[in-house]
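Here are my notes on the model you sent.

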Amino acid sequence: MEQPQAAMVATEAGAGDDTDAYRIRPLELGDISKGFCELLAQLSPSAPLTEDAFRNRFAELARLGADHLVLVAEYTATGRLAAAGAVLVERKFIRRCGTVGHVEDVVVDAAARGHGLGERVVRRLVEHAKGRGCYKVILNCTQELTGFYAKCGFVEKNVQMGLYF
Ligand SMILES: CC(=O)SCCNC(=O)CCNC(=O)[C@H](O)C(C)(C)COP(=O)(O)OP(=O)(O)OC[C@H]1O[C@@H](n2cnc3c(N)ncnc32)[C@H](O)[C@@H]1OP(=O)(O)O
């Protein structure tokens, strides 16, 4: 994330509701042609990925199995992606070899914001981490986003620092 400011810890998980116009599901190879890169560009401006680059990264992440999950929300009427988010399960030695979930790269298409989709994606990511045995889920965000993550059940905790190269 750019300019992360706050570290937050999840306090509750919620079940996703996929009964409406959006289907929340794991990222698929075909999603490069469904607007995945355009979505990510709304998080951090970057040149579009080549299909090869996308395939290679997809294969790398697939090798991590359920310890790395990218979810997308597909608008069923058009097949285009309206939201995405990821969770990485970190395996620690402390806490009796505990695991921690890291939520990353949450984004909702500008045209679909304000209808609860972001919260649903985050709650699904948290639910996945909880299912993997994580004792907490953390993320970094700007101060402006703390209200959104509070709605998702997170509380402010600690300060995040970064060193950029
Ligand atoms: C760990 C990370 O990835 S941090 C990076 C987060 N992503 C970005 O900043 C990319 C650009 N922004 C976005 O994609 C979207 O605005 C998101 C993901 C932040 C929010 O997605 P949305 O679908 O619009 O949020 P959603 O509608 O689910 O909002 C849920 C609740 O949070 C509130 N909320 C949403 N955004 C904000 C905000 N910026 N500040 C305070 N509250 C907010 C909503 O009002 C709603 O509250 P309600 O239930 O009382 O109505």
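The points below start with the ligand and end with the backbone.

1. This is a predicted model, in which local features need pLDDT of at least 70, side-chain atom pairs count only at pLDDT 80 or more, and totals for chains, interfaces and linings use all residues. Residues are numbered from 1 along each chain as its sequence is written, and side-chain values use heavy atoms, without hydrogens and water.

2. The shell around the ligand holds 22 residues, of which Val106, Val108, Gly114, Gly116 and Lys151 come nearest (a residue is near if one of its heavy atoms lies within 4 Å). Strand S5 (99-108), helix H4 (117-131) and helix H5 (146-151) each supply at least two residues of this shell; S5 gives the most, six. Helices are DSSP runs of H or I with at least four residues, strands runs of E with at least two, numbered from the N terminus.

3. Oxygen atoms of the ligand lie 2.7 Å from a backbone N or O atom of glycine 116 and 2.8 Å from one of glutamate 119. For arginine 113, a side-chain N or O atom is 3.5 Å from a ligand oxygen.

4. Most residues other than glycine have a negative phi. Arginine 96 is exposed, at 85% relative accessible area, and cysteine 97 is exposed at 52% (exposed means over 50%, with a 1.4 Å probe and protein chains only).

Key. Buried means under 20% relative accessible area, exposed over 50%, partly exposed in between (1.4 Å probe, protein chains only). A polar contact is a pair of N or O atoms within 3.5 Å; within protein, one must be able to donate a hydrogen and the other to accept it, and residues adjacent in sequence count only if both atoms are side-chain atoms.
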